Amino acid sequence: MSIANQVWIIIAAYNEEKALPGVLAEFQSTPYQVVVVDDGSTDATAEVALRYPVTLLRHVTNLGQGAALQTGISYAVLQPGTQAVVTFDADGQHQVADLPRLLAPIEAGDVDVCLGSRFLPGAQAIHMPFSRRLMLRGALILTRLTSGLRLTDTHNGLRAFKLPAARQLQLTYNRMAHASEILARISERKLRYCEVPVTIRYTHYSLTKGQSILESVNVLWDMLSARMR
Amino acid sequence: MNIVTGQVVFLIAVLAFGWYVVRLRTVLTDRLILVALTLAALVAIISPDTASWVAHRLGIGRGADMLIYFFIVFCLFRFVEIAADRRATQKSLTEVVRALAIQNAQQGQARKDGGMNNRGTQSSQ
């Protein structure tokens, strides 16, 4: 039996009233449980989400994507029967069709964490700008140096965690450095991980909502300041 | 480039400070440093000659120059203290906001396919 109906999809949304309906509509015909974390949006994100069969958690103030994902994860691991949690971006860049492939290694018990990669053979990165490719290269090298993980894509928002791994995540970087924090956690807890090819569809919308290359400065800053006492 | 003793001393102070920030900070040592710096400031104000004498020994020249250096170190110290406090506050805020969000979980519309909604608490029409 498939574990699909015991899988929680975590969608962190900040001012995503435009893209969210498209994403949630795609989940309607799937068995997955969906939790939307509205990260203190000032638009109709919450109202939009409630039109779909989802659980909605609302941050009363904006904390950042890392915090929103952790809220969703904290909720999901408390629900009875949960087998796995998946992080899924709200802007429509991920494909629901990639989920079975992402969950298969977890279901088979081979790994604790399965990460989506847009650079593996078979993956597609549709309309990816060159600057993005360059930035991700840099992140890759940094990750290899800091965590020792050999990955092809370090900042892919599509990831699946088996329940015990999800419990161990405990993300503390509220903003965008959580991507690096997840990898650090995999490394320090010696979680078994794998990557599977997934398709990322860059749209004008997802690019304007997405991270500029300068955001990497913020990420580094967050990581360094977290070492302060 | 002509490096004087004072520059070396202050360079070491700044580096040691970096180490202190990352590894050694406690509320007690923070306060001790604050008291020491305040006392040093008092001495410099009451007795400018003492400041000049110390500055001279360090090769900095004027006592006023040395005060600027001290001021910089002092500001750095306060900056770090405030930043760390801010981080701690942010952490508590996150916990509160998260707990509220989870407590007030809302269910969206029930599924149209006749299946169970999330958590199986609401069945659809």
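1. Along its sequence, chain B of this predicted model runs α-α-α-α-β, that is, four helices and one strand. Helices (H or I, at least four residues) and strands (E, at least two) are DSSP runs, numbered from the N terminus.

2. Of the 125 residues in chain B, 24% are buried (under 20% relative accessible area, 1.4 Å probe, protein chains only). The chain exposes about 8,700 Å², with 67% supplied by carbon and sulfur atoms; the areas come from the Shrake-Rupley method with a 1.4 Å probe.

3. Contacts (heavy atoms within 4.5 Å) in chain B between residues at least 6 apart in sequence join residues at least 24 apart in 46% of cases.

4. An open, mixed sheet of eight strands has the order E8(A)-E5(A)-E7(A)-E4(A)-E1(A)-E2(A)-E3(A)-E1(B). Pairing requires at least two DSSP bridges between two strands.

5. E5 (residues 113-117) of chain A is joined to E8(A) by five bridges in the parallel sense. Within E8(A), A:Tyr193 stands opposite A:Val113.

6. Helix H1 (residues 20-27) of chain A packs on the sheet and touches E1 (7-13) and E2 (33-39) of chain A, at about 175° to E1(A). Angles run from 0 to 180 degrees between N-to-C directions, with axes fitted to C-alpha atoms, for helices over the stretch in contact.

7. Helix H3 (residues 65-78) of chain A also packs on the sheet, at about 155° to E1(A).

8. Residues are numbered from 1 along each chain as its sequence is written, chains are lettered from A and ligands numbered from 1 in the order written. Local features need pLDDT of at least 70, side-chain atom pairs count only at pLDDT 80 or more, totals for chains, interfaces and linings use all residues, and side-chain values use heavy atoms, leaving out hydrogens and water.

Note on methods:
Buried < 20%, exposed > 50% of the residue type's maximum accessible area, 1.4 Å probe, protein only.
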